[in-house]
Amino acid sequence: MRRLLGPALVALGLLPAVTTALTTLAQDRPPTAQERILAAIPEDASVLINVPYHDMPSTPDILELGKRSTKALERCLADNVDENVRMLCAVVLQALGDRRALGTLQAALDDWDAGVRHRVVLALSSVPDPSSVDPLIKLFRRTDEDGRVRFAVLEALATISDPRVVRFLRDELRSKREEKDTEEYDFRASVFDALWHHRHLTAPETLVGDTRAALESDNQSLQLAATLAAADLRSPRLVPSLVDLMEHPNVEVRNKAVYALGRIGDRTATKALLEHLPNVRESRMLNNIAFALERLDKKAFHATIAQIIGHKQAVIRLNAAFVLGDVRHPEGLPLLETALGDASDFVRTSAIVAVAKIGQNDAAERKRALDDLSKFVGDGNINVKLEAILGVHRLTEGGRNDLVHDELFELDPTWYGEAVQRAGLELAKAGDARVREWVTTCVIHRGCSLEAIDAWVKTKDPEVSGRLLLAWARGDARLTDTVAALDPPGTLPTAKSALLDATSYPDMFRLTGSAVLGGLGDPSVLPLVQEHARAKHASERIHALVAASRLGDDDAQKRLLAELDGLPAEWLPGYVRAVGRIAEPEVRAKLLPALMQKQQDADPHVALAAAAVHLRWDPDAAVFRFLDALASPSSYERTLAERYLVRADERRVTWLLRRMLAREGREGVRDRLRALLDRRR
Amino acid sequence: MRTKWVVAFVLATGCGGAGPAHAAAGSHDEPVPPGEPRGELVLRVDLEPSSECEERFDLAVYTDTRLELVAWDDAHGTCAGRRVRVHYLKAKIDEAGVLGLLREHARKVEKAQP
């Protein structure tokens with residue numbers, strides 16, 4: 001026995017080394033076929049020609065290579081005999097948006113497989129170019145072409161602003177329907193949509209004429225698209241056609257027609273709207289008509305709403321109260337005071353909400369509204385009581401915290417969950433210490449938005465900060481920027497450990513670990529983030545490059561700018577979010593000149609991504625590049641600019657958009673600005 | 001004869017003024033050089049009540065290019081008692097001018113503590 005003890009101890013001692021050796025051997029296994037192919041893509045343009053579908057690397061893996069994969073993908077599309085592989089290559093080319101592939105994509109419009117042609121056409125829509133117009137139109141006109149390919153052609157043509165496209169689309173819109181054109185192959189709605197993208201190339205009168213023809217057509221989808229266009233165009237010439245649509249069998253068309261009438265604001269529609277009211281059977285229609293009338297003829301509106309609020313059906317009275325509150329006319333107050341005595345609790349609740357809104361108009365109305373609402377703070381119905389208390393609280397500018405707390409927040413959440421939640425959020429807004437624990441738990445458990453704890457984030461409350469750090473370390477990525485800004489004790493070692501211990505990609509800590517470390521400003525972690533700045537995955541690399549740049553690494557700043565040219569177009573919004581995090585003025589100052597230059601890049605994806613980073617840093621200065629883009633001759637650039645402006649949801653951007661709209665004299669830009677502002681309401 | 005022309009002029013300008021303000025065709029918002037002197041006013045404003053009172057006010061006052069920005073408080077959706085910071089171009093309009101301009105489009109405008 002003793003003889004074996006020595007060798008056993010030696011074996012035991014060697015065990016860790018043997019385990020490590022075995023692990024290393026496993027890691028040094030020969031690469032799979034997919035890995036070999038993936039590694040060769042940037043170097044060997046012919047590598048994908050003979051690859052069968054089951055050996056193809058995955059789409060995200062190819063995209064990680066960025067535009068270095070374009071050449072191989074082009075050869076794949078031209079020469080691989082497997083249509084599924086060609087389709088996949090076209091999908092990746094679409095995501096890349098690399099103009100160098102234009103010629104290959106155009107040639108692939110002749111592919112024998114309809115699925116490949118479909119993907120190729122969609123890929124052409126991400127690199128819009130006038131040279132694609134004729135081949136696309138030719139493809140659309142082939143009578144043996146697949147329906148989905150033809151729809152995709154219209155989508156692609158919507159991105160190419162060219163007079164030939166406008167002529168073709170207008171001809172198609174007005175072309176005579178043939179018997180074989182079933183609803184499935186009726187392209188007119190898509191044609192109209194594409195034409196709408198190029199409205200800046202069409203004379204206003206022509207556009208109004210086309211819209212009117214679409215409103216009067218026999219195709220519901222086309223009519224619906226035209227009602228939306230009419231709301232933007234706001235031409236009184238469209239009023240008669242819209243009035244006719246108020247009787248349309250499709251509820252969406254009916255509602256959008258009334259909405260458009262309200263937006264146009266032409267008084268000739270008043271009579272038709274008033275006549276239609278007695279026939280209304282849905283609340284949305286009622287509200288739309290009421291809002292339209294309020295814009296068109298206030299006197300007619302009040303006479304009508306006075307009747308509706310006394311309607312025999314409670315649901316109609318409820319909606320009338322809602323409308324009165326929303327328009328905030330003081331004349332509505334007496335009508336609402338009558339509704340406060342309604343037999344229906346739902347109508348009373350709606351009236352209370354409306355009275356609270358009108359009470360915000362001025363001091364006299366506030367006093368009257370407070371008197372009205374005070375009578376309901378002890379009501380037996382929880383909804384009436386809830387709205388009355390919250391209404392009183394707001395009208396006293398947050399002066400009734402105790403009432404909100406004692407009468408609502410203290411209720412049993414099992415039975416009164418909504419009341420407790422709304423009371424808690426109201427108190428949290430005021431920074432009431434009694435709800436601090438509750439609202440922090442609510443945020444951490446994702447029952448409340450992050451803004452709910454603003455009061456404690458602003459004061460860097462240590463207890464809230466500590467809990468948020470723990471929640472972030474458990475994997476809540478929403479808290480990344482907040483944790484970096486709060487920097488509670490232990491943040492640096494926690495974030496460092498999170499990055500060190502992150503498992504393989506896509507472990508979120510490979511991104512958020514760097515993001516927090518970059519925000520803390522401690523240069524001791526620079527070597528760690530620099531290591532991740534060499535990662536093969538683009539998102540990990542970019543987050544690390546952002547962090548290294550913030551920590552003063554000049555080389556990382558150069559590499560960060562270079563990434564902008566190589567990334568797939570579809571990934572650029574993610575780049576904008578990551579680089580937008582840079583808050584250090586000296587780092588911004590170093591990056592800005594190159595970003596300003598990139599804003600003039602010939603590739604609109606790159607140009608507008610650079611502008612979008614600038615918009616995050618300095619909206620007042622950056623917004624003018626977007627104004628230029630909204631006035632661009634290219635509908636593609638206009639649409640891209642709109643997307644970035646929609647994502648920039650800061651209130652300051654809203655104010656700047658209003659200023660731009662007020663000063664805008666180009667109709668084609670005005671309607672886009674108006675639509676952007678409508679979306680932000 | 002002269003009176004007739006004066007009446008015609010008043011009617012013409014009156015009709016024009018009643019319509020919504022629109023920017024001249026082709027004109028658009030433009031950046032102001034950073035070196036241009038700016039002023040700031042902190043105000044308390046009661047707006048004309050409506051569901052879009054803040055936006056309507058902005059669209060009306062921004063037609064005057066001497067105003068640079070109206071920065072609102074957080075009481076979004078409320079029309080009375082709003083606190084705003086108004087940035088304007090000092091070389092082109094003075095404080096009294098700004099107040100007069102804003103009062104054309106609001107129920108009440110008064111200076112507030114910064």
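**Reading the features in turn**

Modeller: Let us begin with one residue and its surroundings. Leaving aside neighbours within four places in sequence, Glu563(A) is in contact with Arg541(A), Ile542(A), Leu545(A) and Tyr575(A). Please keep in mind throughout that this is a predicted model.

Colleague: In which element does Glu563(A) lie, and is the residue buried or exposed?

Modeller: A residue counts as buried when its relative accessible area is under 20%. Glu563(A) has a relative accessibility of 13% and therefore counts as buried. Its place is in helix α34 of chain A, which covers residues 554-566.

Colleague: How many helices and strands does chain A have?

Modeller: Chain A has 41 helices and zero strands. The C-alpha trace of the chain spans about 100 × 70 × 55 Å along its principal axes.

Colleague: How should I read a pair of helices, for example α23 and α25 of chain A?

Modeller: One looks at the approach of the axes and at the angle between them. Helix α23 (residues 382-395) and helix α25 (residues 413-429) of chain A have axes that come within 10 Å and cross at roughly 5 degrees. Angles under 35 degrees count as roughly parallel, so α23(A) is roughly parallel to α25(A). On the α23(A) side, the contact is made by Ile382(A), Leu386(A), Glu387(A), Leu390(A), His393(A) and Arg394(A). On the α25(A) side, Tyr416(A), Glu418(A), Ala419(A), Arg422(A) and Glu426(A) take part. The residues of this contact divide into five nonpolar, one polar and five charged.

Colleague: At what angle do the axes of α10 and α12 of chain A cross, and what is the handedness of the crossing?

Modeller: The axes of helix α10 (residues 163-174) and helix α12 (residues 204-215) of chain A cross at roughly 30 degrees and come within 11 Å. These two helices, α10(A) and α12(A), are therefore roughly parallel to each other. Their crossing is left-handed. By type, the residues of the contact between α10(A) and α12(A) are two nonpolar, two polar and three charged.

Colleague: Turning to the backbone, what is phi of Arg328(A), and where is that residue found?

Modeller: Phi of Arg328(A) is near 60 degrees, a positive value in a residue other than glycine. Arg328(A) is found in the chain A loop between α19 (314-327) and α20 (332-339). With a relative accessible area of 6%, Arg328(A) is buried.

A second case is Lys460(A), with phi near 55 degrees, again positive in a residue other than glycine. Its loop runs between α27 (454-458) and α28 (462-473) of chain A. Lys460(A) counts as partly exposed, at 47% relative accessibility.

Colleague: What pattern does chain B follow along its sequence?

Modeller: Such a pattern lists helices and strands in order. Chain B follows α-β-α-β-β-α-β, which comes to three helices and four strands. Of its 114 residues, 38% count as buried. Among chain B contacts with a separation of 6 or more, 67% are accounted for by residues 24 or more positions apart.

Colleague: Which residues does Arg82(B) touch?

Modeller: Not counting residues up to four places away in sequence, Arg82(B) touches Arg651(A) as well as Leu43(B), Arg44(B), Val45(B), Glu54(B), Trp72(B), Asp73(B), Ala75(B), His76(B) and Gly77(B). Arg82(B) lies in strand β3 (residues 82-89) of chain B and is buried, with a relative accessible area of 0%. A polar atom of the Arg82(B) side chain lies 3.4 Å from the backbone oxygen of Ala75(B).

Colleague: Where does Lys90(B) lie?

Modeller: Lys90(B) lies in the loop between β3 and α3 (95-103) of chain B. Beyond its neighbours within four places in sequence, Lys90(B) is in contact with Pro37(B), Arg38(B) and Gly39(B).

Note on methods: Residues numbered from 1 in each chain as written. Chains lettered and ligands numbered in written order. Predicted model: local features only at pLDDT ≥ 70, side-chain atom pairs only at ≥ 80, totals over all residues. Heavy atoms only, no water. Axes fitted to C-alpha atoms, helices over the stretch in contact; angles between N-to-C directions. Parallel < 35°, antiparallel > 145°, perpendicular 65-115°, else oblique. Left-handed = near helix turned anticlockwise from the far one by under 90°. Nonpolar A, V, L, I, M, F, W, Y, C, P; charged D, E, K, R; others polar. Buried < 20%, exposed > 50% of the residue type's maximum accessible area, 1.4 Å probe, protein only. Polar contact = N/O pair within 3.5 Å; in protein donor to acceptor, adjacent residues only side chain to side chain. Contact = heavy atoms within 4.5 Å.
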